[in-house]
Amino acid sequence: MMPPVRLRQICMVVETLEPVLDRLIEVFGLTVCHGKGDLSHYGVPYHEPPAYQAAFFKQHGVTGALLPIGDDFLELIAPLRADTPAARYLARRGEGGYMVITETDDTGTFQARATREGLRLAGMADYPTYHEVQMDPRDIGGAILSFSMQREGRPFDGGWFPAGADWQARRAPGWEAIATATLTVADTDRTAARWSSLIGAPVEPDTGHGAAIRLDKGLIRFRPGHGAGGRLTAIGLAGPAFGAAYDRAKPNERVENGRAIRIAGLTFEEASSWR
């Protein structure tokens, strides 16, 4: 039996953190719960990270913040140096979607599978309470795909190390989940097949979209278009708060031909269901 895989976090990369973060808070009514760097002006007390985590932050050279959406998270990161993967990605692609992060109870299965298939890792976090392996988008297409595992408590008990200890108290009302992640790619069949092989879940038709992979919670969609390699272009948010968010969005942020909002290169779509 394959380990369960659940959509848990979406990461987007931006040039400067605060302006985009402020806009997301204003439009969607979200609250910062944790992040990389000093976020005390967002009401998050600053604590020095443990040495192993500080070393990881220094290696990747980013600052960032997490926003709870139900039991899921939207993460923004911004590079602090030009010699980092995030900075190079920004230079090539501009702001927008960057990483699809899933939760599982056995990252070793997916790391072993990547090794067997000759796939490179984009990165790895190996902490006492958390383990994460990131698949390189140059090999799988679309975006970084991360498999992450809590090493404390019970699997899927709600804990999430990247969000800090008090994130549940900072959930905004009216939001239920990040229900979907959409990759826009040149070859939907090929990219979907690569992701399917790694995840261990079948590809299915997705009416009006192309193809999809249904996780134990959440849906990954593959739409045709975009240049070589593709990109994470949209996420679906479930919850009654979406209507008010759409009303708060500026006219130039509202996507034509559909009730959706586009901010810093990522489209936020209304999801009717997430279970």
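**Reading a sheet, its helices and its cysteines**

Q: In which sense do strand E13 and strand E15 pair?
A: Strand E13, made of residues 231–238, and strand E15, made of residues 266–271, pair in the parallel sense, and five bridges join them. Keep in mind as we go that this is a predicted model.

Q: Which residue in E15 is the bridge partner of leucine 237?
A: Look across to E15, where glutamate 270 is the bridge partner of leucine 237.

Q: What is the order of the strands in the open sheet?
A: Reading across, the seven strands come as E10-E11-E12-E9-E13-E15-E14, and their pairing is mixed. The two edges are strand E10 (203–206) and strand E14 (260–263), each of which pairs on one side only. From one strand to the next, the twist averages 30 degrees.

Q: Which strands does helix H1 lie across?
A: Helix H1, residues 17–28, lies across E13, E14 and E15, and it runs at about 160 degrees to E14.

Q: And where does helix H6 lie?
A: Helix H6 (residues 188–199) lies across strand E9 (177–185), E10, strand E11 (210–214) and strand E12 (219–224). Its direction is at about 160 degrees to E12.

Q: What span should the 12 residues of H6 have?
A: At 1.5 Å a residue they should span 16 Å, and the end C-alpha atoms of H6 are 16 Å apart, so the two agree.

Q: Why do residues three or four places apart in an α-helix point the same way?
A: The general idea is that an α-helix has 3.6 residues a turn, so residues with that spacing point the same way. Now try it on this helix. In H6, the buried residues are Thr188, Thr191, Ala192, Trp195, Ser196, Leu198 and Ile199. These residues cover an arc of only 165 degrees around the axis, which puts them on the same side of H6.

Q: Which exposed residues does the face of H6 turned away from its buried side carry?
A: That face carries Asp189 and Arg190.

Q: How many disulfides are there?
A: First the general idea: a disulfide is a covalent bond between the sulfur atoms of two cysteines. Here the count comes to zero.

Conventions. Residues are numbered from 1 along each chain as its sequence is written. This is a predicted model: local features need pLDDT of at least 70, side-chain atom pairs count only at pLDDT 80 or more; totals for chains, interfaces and linings use all residues. Side-chain values use heavy atoms; hydrogens and water are left out. Two strands pair if DSSP finds at least two bridges between them. Helices (H or I, at least four residues) and strands (E, at least two) are DSSP runs, numbered from the N terminus. Axes are lines fitted to C-alpha atoms, for helices over the stretch in contact, and angles run from 0 to 180 degrees between N-to-C directions. Contact means heavy atoms within 4.5 Å. A disulfide is a pair of cysteine sulfur atoms within 2.5 Å. The expected span of a helix is 1.5 Å times one less than its number of residues. Buried means under 20% relative accessible area, exposed over 50%, partly exposed in between (1.4 Å probe, protein chains only). The arc is that of the directions from the helix axis to the C-beta atoms.
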